[in-house]
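Subject: Structure handover

Hello,

Here is the structure I promised to pass on. My notes on it follow below.

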Amino acid sequence: MVNDYINILYFSGDRSDYQIILPVMKLLPGKLIACHDVPCDKRIYLTGDIQAQVAKVINERFEADYLYIVGDRYEAFAAAAASFFQRIPIAHQGGGAITEGGCFDDQLRHAITKLAHLHFVSCREHYDNLIKLGEEPWRITISGNTLPDRETGEAEPCDILFTQHAIPGQDARAQIRESLSALAELNMPTSITY
């Protein structure tokens, strides 16, 4: 008898990737491990040796056929490494992106990509980047961005949408001051996200 049900284990290291995973979980139910306060099957409180904590939970196996992870955070890398050694195939969303500015994101994202078996990317450029990294085309799907548009009431008209990702090792306050100064000089309607 063939079992058509796939057991998916989702891993969410922070609220931003939880929002990306949630629409996928609604389509393909599974179990969720989370490192923050959301409804989940197993919560990890990150203190001390994060990699060891994540590996311990992943090693419980949850009878997973796949581990689904997003992005480039250190907790996601720990989950990918633990799954790799447990021989749980990894589905990774967000590979192929490039972060400018010397962040650790690229190295972690590319390392997760190399551990992953299936890749879900948001655009053709990210697909091409994975091909350059040596990934097989049949393993890559251009799925778009799963982050849902959320209505927060009446939208304010704006010409600029601004989000800043601080560069590690540099003065974040100086970075944001310079950016806000430039925005003030433009004197255009701006929405700033955090």
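**A buried aspartate to start**

D14 is buried, with a relative accessible area of 18%. The cut-off for buried is under 20%. D14 sits in the loop that joins β1 to α1 (15-27). Beyond its neighbours within four places in sequence, D14 is in contact with H36, R73 and E75. Please keep in mind that this is a predicted model.

**The chain as a whole**

The chain has 194 residues, and 37% of them count as buried. Its secondary structure comes to six helices and nine strands. Take the contacts in the chain with a separation of 6 or more: residues 24 or more positions apart account for 48% of them.

**The cores**

Which residues touch the most other members of the largest nonpolar core? They are F11, V54, I58, L67 and I69, out of 23 residues in that core. The largest share comes from α3, with six residues.

There is also a second, separate core of 13 residues. Its members include I21, A34, Y68 and A91.

F11 deserves a look of its own. Leaving out residues up to four places away in sequence, F11 touches I21, L32, I33, C35, I44, V54, L67, Y68, I69, E75, A76 and A79. I21 and Y68, both touched by F11, are members of the second core. E75 is also on the list for F11, and E75 is in contact with D14 as well.

**How α3 packs**

Helix α3 covers residues 74-85, and helix α4 covers residues 105-115. Their axes come within 10 Å and cross at roughly 20°. Angles under 35 degrees count as roughly parallel. α3 and α4 are therefore roughly parallel to each other. α3 passes α4 in a left-handed crossing. On the α3 side, the contact uses Y74, A76, F77, A80, A81 and F84. On the α4 side, the residues are L108, A111, I112 and L115. By class, this contact of α3 with α4 has 10 nonpolar residues, no polar and no charged ones.

Why do residues three or four places apart in an α-helix point the same way?

α2 brings I50, Q51, V54, A55 and I58 to the contact. α3 brings Y74, E75, F77, A78, A79, A82 and S83. By class, the contact of α2 with α3 has nine nonpolar, two polar and one charged residues.

**What α4 buries**

The buried residues of α4 are D105, D106, R109, I112, T113 and L115. Which elements do the buried residues of α4 pack against? They pack against β4, α3, β5 (90-93), β6 (118-121) and α5 (124-132).

Q93 is found in strand β5. Is Q93 buried or exposed? Q93 is buried, with a relative accessible area of 6%. Not counting residues up to four places away in sequence, Q93 touches I20, V24, Y68, I69, V70, G71, F120, G144 and T146. Y68 and I69 are touched by Q93, and Y68 and I69 are touched by F11 too.

**Two positive phi values**

R87 has a positive phi of about 60°, although R87 is not a glycine. Its place is in the loop between α3 and β5. R87 is exposed, with a relative accessible area of 73%.

N187 has a positive phi near 50° and is likewise a residue other than glycine. N187 lies in the loop between α6 (172-186) and β9 (190-192). At 70% relative accessibility, N187 counts as exposed.

Best wishes

Definitions and conventions: Residues numbered from 1 in each chain as written. Predicted model: local features only at pLDDT ≥ 70, side-chain atom pairs only at ≥ 80, totals over all residues. Heavy atoms only, no water. Axes fitted to C-alpha atoms, helices over the stretch in contact; angles between N-to-C directions. Helix = DSSP H or I, 4+ residues; strand = E, 2+ residues; numbered from the N terminus. Parallel < 35°, antiparallel > 145°, perpendicular 65-115°, else oblique. Left-handed = near helix turned anticlockwise from the far one by under 90°. Contact = heavy atoms within 4.5 Å. Nonpolar A, V, L, I, M, F, W, Y, C, P; charged D, E, K, R; others polar. Core = buried A, V, L, I, M, F, W, Y, C linked by side-chain atoms within 4.5 Å. Buried < 20%, exposed > 50% of the residue type's maximum accessible area, 1.4 Å probe, protein only.
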